[in-house]
Amino acid sequence: MVRQALQQIELDNLYLSVDDPAFSRLPLAPELIGRVFIQSTQTPTTEQLALNWERARLQVERTGASFVLVLDEIQKVPGWSEAVKGLWDDDRAREYPLHVVILGSAPLLLQTGLSESLAGRFETIRVAHWSFPEMYQAFGLDLDEYLYFGGYPGAASLLRDEGRWRDYVQQSLVQPNIERDILAMTRVDKPALLKQLFELGTDYSGQVLSYNKMLGQLQGAGNTTTLARYLDLLTSAGLLTGLSNHSNQAHRSRGSSPKLNVLNTALMTAGSGYSFDEARADRTFWGRVVESAVGAHLCNTAASDIDIRYWRNKQHEVDFVLQRGRRVVAVEVKSGPQRRSTSGMAEFEKQYHPVSSLVVGADGIPLNEFLSEPAEHWFEGS
């Protein structure tokens, strides 16, 4: 995405990945002698980061024009955030017209560095899982294929070989995500428990499951506080989230049983044991896939000021609730031919007066249309 953006602007630029040998083995330009000392190492260093930053500064000095420096996989440089802070502040003091884009594939580690050292110096551009329109336009996936195979563009070439696709999702995406993005950068006392929780979440995606019930199904589960923290880590890594029960009282919402929802439906189908055709044939399972796809889409496209929740009060239930300030939108998903009771929506409208009440699927907004609009769209005109 960034490379495409660079092609569409007129500014000179330098794109460097920390993984690229060129990052650490660049020849020292004569202009840099005496300005930067660099030592060759296997692990990328802040000194090497400074050298590449100086290359961009030299271009600015030569031309006097604005310049874009892109640093990919920045989290692999130990101490990167403090180094970037010093370099960036120096640029501002010297009035360099240098624009810097920092990329990283470990969201937890990247966000930690930003919040610890770079407060007030950055704007976050979050890149979530690919949406249905993106997968359709890029790879021609129809709606059912998107629901089953999810929004992983790297797996698109394997869709005709489901065994390879399944292995790719589980071994090349899920396992490295947990090992690299969570366990390698934050304290997790029970890594096996975190992995079990993820597997449980994929099995129960689209369902409300209390922490006490989770404790009964997980080995060495410890306590509910541990589970809640691990679920937050899985959410930050873009894997699995737990939605709160909607309430006007914040403490009740925070203390509610979570509704588990994968953030990419491939995470629940790849480990389900179902082939594409078998998944569609099991209407109960397919209904959960559809509901999980709606939940994932809302979570992935929601702006920072929109909360995604569910609502349950005794026998009444609404699948998803979107809240922005004082305004709420109710969303009910109907994925099968059977007609579900509308009493939940009616009771919710009576208690909370939503600005919109949406039915997605049968007799409502077509699923493909709903998955083509971001969460904030449903507040427009309200």
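Is alanine 346 buried, partly exposed or exposed? In this predicted model, alanine 346 counts as partly exposed, since its relative accessibility is 44%. The residue belongs to helix H16, which covers residues 343–352. Glutamate 317 lies 29 residues away from alanine 346 in sequence, and the two C-alpha atoms are 9.8 Å apart.

With a relative accessible area of 0%, threonine 269 is buried, because the cut-off for buried is under 20%. Its place is in helix H13, residues 266–269. A polar atom of the threonine 269 side chain sits 2.6 Å from the backbone oxygen of tyrosine 148. Beyond neighbours within four places in sequence, threonine 269 is in contact with Leu147, Tyr148, Trp165, Tyr274, Phe285 and Val289.

Here are the two residues side by side:

Now to a pair of helices. Helix H8 (residues 162–183) packs with helix H9 (residues 191–203) at an angle of about 135 degrees, and their axes are 12 Å apart. H8 and H9 are therefore oblique to each other, and H8 passes H9 in a right-handed crossing. On the H8 side, the contact is made by Val174, Ile178, Glu179, Ile182 and Leu183, while H9 brings Pro191, Leu194, Lys195 and Phe198. Sorted by class, this contact of H8 with H9 has seven nonpolar residues, two charged ones and no polar ones.

Note on methods. Residues are numbered from 1 along each chain as its sequence is written. This is a predicted model: local features need pLDDT of at least 70, side-chain atom pairs count only at pLDDT 80 or more; totals for chains, interfaces and linings use all residues. Side-chain values use heavy atoms; hydrogens and water are left out. Helices (H or I, at least four residues) and strands (E, at least two) are DSSP runs, numbered from the N terminus. Buried means under 20% relative accessible area, exposed over 50%, partly exposed in between (1.4 Å probe, protein chains only). A polar contact is a pair of N or O atoms within 3.5 Å; within protein, one must be able to donate a hydrogen and the other to accept it, and residues adjacent in sequence count only if both atoms are side-chain atoms. Contact means heavy atoms within 4.5 Å. Axes are lines fitted to C-alpha atoms, for helices over the stretch in contact, and angles run from 0 to 180 degrees between N-to-C directions. Angles under 35 degrees count as roughly parallel, over 145 as roughly antiparallel, 65 to 115 as roughly perpendicular and the rest as oblique. A crossing is left-handed if the near helix is turned anticlockwise from the far one by less than a right angle, and right-handed if clockwise. Ala, Val, Leu, Ile, Met, Phe, Trp, Tyr, Cys and Pro count as nonpolar, Asp, Glu, Lys and Arg as charged, and the others, Gly among them, as polar.
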